[in-house]
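Open the structure in your viewer and keep the selection panel at hand. The tour goes stop by stop, with a selection at each one.

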2 protein chains.
Amino acid sequence: MGLKETSRIKSFGGTTRFYSHRSEACDCDMNLAVYVPPQAEAAPVPVLYFLSGLTCTEKNFIEKAGAQRYAAEHGLMLVVPDTSPRGVNLPGEDEAWDFGSGASFYVNATQEPWAKHYQMYDYVVQELPSLIKSSFDVKGDRAGICGHSMGGHGALICGLKNPDKYASVSAFAPIAAPSQCAWGQKAFTGYLGSDPQLWADYDATELIKSHQDAGSKFGSILIDQGEADQFLKDQQLLPETFAAACQQANQPLTLRLQPGYDHSYYFIATFIGDHIRHHAAVFSV
Amino acid sequence: MGLKETSRIKSFGGTTRFYSHRSEACDCDMNLAVYVPPQAEAAPVPVLYFLSGLTCTEKNFIEKAGAQRYAAEHGLMLVVPDTSPRGVNLPGEDEAWDFGSGASFYVNATQEPWAKHYQMYDYVVQELPSLIKSSFDVKGDRAGICGHSMGGHGALICGLKNPDKYASVSAFAPIAAPSQCAWGQKAFTGYLGSDPQLWADYDATELIKSHQDAGSKFGSILIDQGEADQFLKDQQLLPETFAAACQQANQPLTLRLQPGYDHSYYFIATFIGDHIRHHAAVFSV
């Protein structure tokens, strides 16, 4: 079940590539984008995963964030999966922009009809890294993980649950306490059922609460949050709730509130250089 | 007939903005994107126009090229018009991707039914700069102009015909000798009629031929061309034809053939930093 390349475009001395492949975890074809930096021609390179937000595909970040420039500078491979299974013919999968296709929330669904295909947590944490390692000359056992909004939530939970797999974690405007916001409650109810006890395992704030001296495991987490972000005002993101939990658990966190910035890719483009440096610094130790 | 702002998003310390306005030249509403760099808060800034290629709107470049980063670094305002009138209800305007809407070729059409609205040369060279000067605190009488593909052709002809208005010219994969390629012949026949004599005034190669000691007027022109560009192979771009004319006319030209690069925004993103530096260097003299 290897990667099938659909296109390859030279950029910043390396190549931006698009792939599809059969996913066992999700029991369907999945799409992803990869940026291979020029350094990969000479030696193995570390990998940074980027998880995108609601409604995105594997293309938004790779087309709009300007990340290749920095990945080429620091010699990091970027791997950008799609945000959900596509076209798996589940009733209602395309009806809402915040649930179903484009809105997996990176969990393993237990509820019907989603459970058969929506196993995005296993896909991101197990299947995809194994596929990347078998397809590219990857440096190191651990990767970096970053994400935006729903994907910021994804990056935080994948990182916090798997310090053996991820050496560095960062996020843009993450849904940082999904059990306490409308988006998260809707998604978790649909994918995991109505018992909030079952949600804690996919909630970054709850995961941090359950650790003592978390920082020794996870290193410092970097989060950028635009202060003019409408979803911040709508209480969907709750970074301060996550920050309070980090403080209690001795988890080092750099939460930067960026005045005037919104939730868009213009915000991500402005600060992605800092995030890539954050991850590259961990790999160069 | 001022600019009507439709959105404003903070990026790289400045703001990316979208506007519409009533155009007298085109006798319809037109859209444009503007990036105002952070330096504009303290002092007037020079302007760089970017003309986009076939099928593009005012959004492609501003979303995908990553230009804001460099414009913020050098303190340049970016102005990106749409590539044609839209929705003016001409028969066949939306039938072809290389003619009509999204494909004005930046000429003043003389043929019906196009002549009423497709006056994009006057729009870009006269109306838009005057609108920008009355709406923003602009530094200097002359601007820079850059473009891609059809817009590279546009940048070259606007620059070569108006050394009093443009201090610096550059292009990505321009249609550099439109009278000699299929795209240009189709467009010029449709907009200007079937007499090739009438095309020369909108053909960069022909314009250069008519100048002696051109370089003293225009300064050095920068062109980047990807060697893996399918349209180069298809003989639509003909940079070497333009280069030969420049040599005859003593027009300094830096034509960089970039191995492996195609015609896409990944190519533009890779080299836009060099182009913005090229323009900024002229303004900082």
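How much accessible surface does chain A have, and what share of it belongs to carbon and sulfur atoms? The accessible surface comes to about 10500 Å², with 48% belonging to carbon and sulfur. Keep in mind that this is a predicted model.

**Stop 1: chain A as a whole**

Chain A has 10 helices and nine strands. Its radius of gyration is 17 Å, close to the 19 Å that the globule rule gives for 285 residues, so chain A is as compact as a globular protein of that length. Along the principal axes, the C-alpha atoms fill a box of roughly 50 × 40 × 35 Å.

Now colour by burial. Of the 285 residues in chain A, 61% count as buried. Turn to the contacts next. Take those between residues at least 6 apart in sequence: 71% of them join residues at least 24 apart.

Colour by charge before moving on. Chain A carries 21 positive and 31 negative charges, and their mean positions are 6 Å apart.

**Stop 2: strand β5 of chain A**

Select residues 77-81 of chain A, which form strand β5. Is this strand enclosed or open? Five of its five residues are buried, so β5(A) is largely enclosed by the rest of the structure. Look at each face in turn. Met77(A), Val79(A) and Pro81(A) are on one side, Leu78(A) and Val80(A) are on the other, and all are buried.

Strand β3, residues 28-36 of chain A, pairs with β5(A) in the antiparallel sense over four bridges. Find Leu32(A): it stands opposite Pro81(A). Strand β4, residues 47-51 of chain A, pairs with β5(A) in the parallel sense over three bridges. Here Val47(A) has Met77(A) as its bridge partner.

**Stop 3: Ser52(A)**

Select Ser52(A), in the loop between β4 and α1 of chain A. Ser52(A) is buried, because its relative accessible area is 0% and the cut-off for buried is under 20%. What does Ser52(A) touch, leaving aside its neighbours within four places in sequence? Its contacts are Thr57(A), Phe61(A), Val80(A), Thr83(A), Tyr106(A), His148(A), Met150(A), Gly151(A) and Tyr265(A). Val80(A) is a residue you have already met, in β5(A).

**Stop 4: backbone exceptions**

Most residues other than glycine have a negative phi, and most peptide bonds are trans. The next selections depart from that pattern.

Select Glu112(A) and Pro113(A). The peptide bond from Glu112(A) to Pro113(A) is cis, with omega near 5°. Pro113(A) lies in the loop between β5 and α3 of chain A. Switch to chain B. A cis peptide bond also joins Glu112(B) and Pro113(B), where omega is about 0°. Pro113(B) sits in the loop between β5 and α3 of chain B.

Go back to chain A and select Gln235(A). Its phi is positive, about 65°, although it is not a glycine. Gln235(A) is in the loop between α8, residues 230-233, and α9, residues 239-248. At 47% relative accessibility, Gln235(A) counts as partly exposed.

Leu238(A) is found in the loop between α8 and α9 of chain A. Its phi is near 55°, again a positive value in a residue other than glycine. Is Leu238(A) buried or exposed? It is buried, with a relative accessible area of 6%.

**Stop 5: strand β3 of chain B**

Select residues 28-36 of chain B, strand β3. Seven of its nine residues are buried, leaving the strand mostly covered. Tyr19(B) is the bridge partner of Leu32(B).

Zoom in on the hairpin of β2(B) and β3(B). Four residues lie between the strands, and Asp27(B) takes a positive phi near 50°.

Four bridges join β3(B) to β5(B), which run antiparallel. Val34(B) stands opposite Val79(B).

**Stop 6: Ile268(B)**

End in helix α10 of chain B, residues 265-283, where Ile268(B) is found. At 0% relative accessibility, Ile268(B) counts as buried. Show its contacts, leaving aside neighbours within four places in sequence: Phe61(B), Ala65(B), His148(B) and Phe172(B).

Key:
Residues are numbered from 1 along each chain as its sequence is written. Chains are lettered from A and ligands numbered from 1 in the order in which they are written. This is a predicted model: local features need pLDDT of at least 70, side-chain atom pairs count only at pLDDT 80 or more; totals for chains, interfaces and linings use all residues. Side-chain values use heavy atoms; hydrogens and water are left out. Helices (H or I, at least four residues) and strands (E, at least two) are DSSP runs, numbered from the N terminus. The radius of gyration is taken over C-alpha atoms; the globule rule is 2.2 Å times the number of residues to the power 0.38. Buried means under 20% relative accessible area, exposed over 50%, partly exposed in between (1.4 Å probe, protein chains only). Contact means heavy atoms within 4.5 Å. Accessible areas come from the Shrake-Rupley method with a 1.4 Å probe; for residues, only the protein chains shown count as cover. Lys and Arg count as positive and Asp and Glu as negative; His and the chain ends are not counted. The place of a charge is taken as NZ of Lys, CZ of Arg, CG of Asp or CD of Glu. Two strands pair if DSSP finds at least two bridges between them.
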